[in-house]
Amino acid sequence: MDHVDLRPTRRQILKAAIGGTAGIVLGAPVLRLAGAQAQAVADGAGPLRLSDDLFVVRIRGEANVIAQTDAKGVLLVDGGSAAGSDALMKAVSALPGGGPVHTIFNTHWHPEQTGSNERLGKAGAAIIAHENTRLWLTQNITWPWNGQRFARLSKIAQPNKTFYTTGKLDSDVRYGYIPDAAHTDGDLYVHFPKQNVLAVGEAVSGQGWPVVDWWTGGWIGGIVGGLQRLQTLTDANTRIVPARGPVLGQADLKAQYEMYGTIYDRLSQMLNKGRGPTEAVAAAPTKEFDAQMGNPDEFVRRAFESLWAYLSPDA
Ligand SMILES: [Zn+2]
């Protein structure tokens, strides 16, 4: 698998490259900001109805969860954090036509999405994810840029139905891998063709600058590629549900594609001139977008480091 073969090489390069700065904790302010923004959105509403059987379940301080009700119960796209799981399950059971959760998708491995896996795995639900996501969830992970640690999940909480390219459920729900590796190397989308809804996890950020988790395979080029690829699954009426923020439309994907493409070009040029992440931040490569998107420093730093991971001649 790419996943297993590439990772050690990237890690060795990046460990060498970021060396002395790896211990500096810069992540906390951004995480606080993201939390506050998520709360502001969650304050606006409970479940958002997309169709008779499809809802965005919004819990204060939690990432978006999509719930589809059917004759057998409920299908979820993502499951919130472990701390928010009780509130999520309560909200899901209160949905019109709600029942037991029989299926959950993990759009990627992060704990903001996989916190209900254990309870649902124990209850016998299908936990669907890309194989790379399962692999990440079987090991302990430490982010080098801020030292944040993530413990592996217990066996029962790990995805039990994995795939590599695409899949389809009996209910006509379709899902597929986003191989560009936008946020991680296990990103997936879930497509509800009847309702014209596309769930995209954090491959698309609906709220502020994204986390570019290059440690588990995401990169700025993948953000651009993913936005291009996802547009091909949409039309002018498609509702696109990201892990954070409001429901988006096709025009939003197009605008984001152009913005991240511009940023990618600027950072690549700096890389080619031998510049580093601190110089990239100082050059303000996102300046015309910052009023709308917020402080870009962490994003630019991670995005630049992700270029090292993917474009370094030794990789
Ligand atoms: Zn994430």
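**Exercise 1. Find what share of the contacts between residues at least 6 apart in sequence joins residues at least 24 apart.**

Step 1. Start with the cut-off: a contact means heavy atoms within 4.5 Å.
Step 2. Take the contacts between residues at least 6 apart in sequence; 66% of them join residues at least 24 apart.
Step 3. Keep the ground rules in view. This is a predicted model, in which local features need pLDDT of at least 70 and side-chain atom pairs count only at pLDDT 80 or more, while totals for chains, interfaces and linings use all residues. Residues are numbered from 1 along each chain as its sequence is written, and side-chain values use heavy atoms, with hydrogens and water left out.
Step 4. Now look at confidence. pLDDT is the predictor's confidence in each residue, from 0 to 100; the protein averages 88, and 85% of the residues score at least 70. Over residues 1-44 the pLDDT stays under 50, and the model has 54 contacts beyond four places in sequence for this stretch.
Step 5. Helices (H or I, at least four residues) and strands (E, at least two) are DSSP runs, numbered from the N terminus.

**Exercise 2. Work out which residues coordinate the zinc ion and which parts of the chain His110 and His183 tie together.**

Step 1. Donors are N, O and S atoms within 2.8 Å of the metal (3.2 Å for Na, K and Ca); water is not among the atoms, so sites may look incomplete.
Step 2. At 2.0 to 2.2 Å you will find His108 (NE2), His110 (ND1) and His183 (NE2).
Step 3. Along the sequence these donor residues follow the spacing H-x1-H-x72-H.
Step 4. His110 sits in the loop between β5 (101-105) and α4 (111-114), and His183 in the loop between β11 (174-177) and β12 (188-192), so the pair ties together parts that are 73 residues apart in sequence.
Step 5. Check burial, where buried means under 20% relative accessible area, exposed over 50% and partly exposed in between (1.4 Å probe, protein chains only). His110 is buried because its relative accessible area is 4%, and His183 is buried because its value is 2%.

**Exercise 3. Decide where the buried residues of helix α3 lie around its axis.**

Step 1. Within α3 (residues 85-93), the buried residues are Ser85, Leu88, Met89 and Val92.
Step 2. Viewed down the axis of α3, they fall within an arc of 95 degrees, so they line one face of the helix. The arc is that of the directions from the helix axis to the C-beta atoms.
Step 3. Turned away from the buried side is the face with the exposed residues Asp86 and Lys90.
Step 4. The cover over the buried residues of α3 includes β2 (54-57), β3 (65-70), β4 (73-77), β5 and α5 (117-122).

**Exercise 4. Classify the aromatic pairs Trp209 with Tyr260 and Trp219 with Tyr310.**

Step 1. Rings of Phe, Tyr and Trp (its six-membered ring) pair if their centres lie within 6.5 Å; planes under 30 degrees apart count as stacked, over 60 as edge-to-face and the rest as tilted. The structure holds 13 such pairs.
Step 2. For Trp209 and Tyr260 the centres are 6.2 Å apart and the planes at 80 degrees, so this pair is edge-to-face.
Step 3. Trp209 is in the loop between β13 (197-201) and α7 (220-231), and Tyr260 in helix α8 (residues 250-272), 51 residues apart. Both Trp209 and Tyr260 are buried.
Step 4. Trp219 and Tyr310 are stacked, with 4.3 Å centre to centre and 10 degrees between the planes.
Step 5. Trp219 lies in the loop between β13 and α7 and Tyr310 in helix α11 (residues 297-311), so the pair ties together parts that are 91 residues apart in sequence. Trp219 is buried, at 13% relative accessible area, whereas Tyr310 is partly exposed, at 24%.
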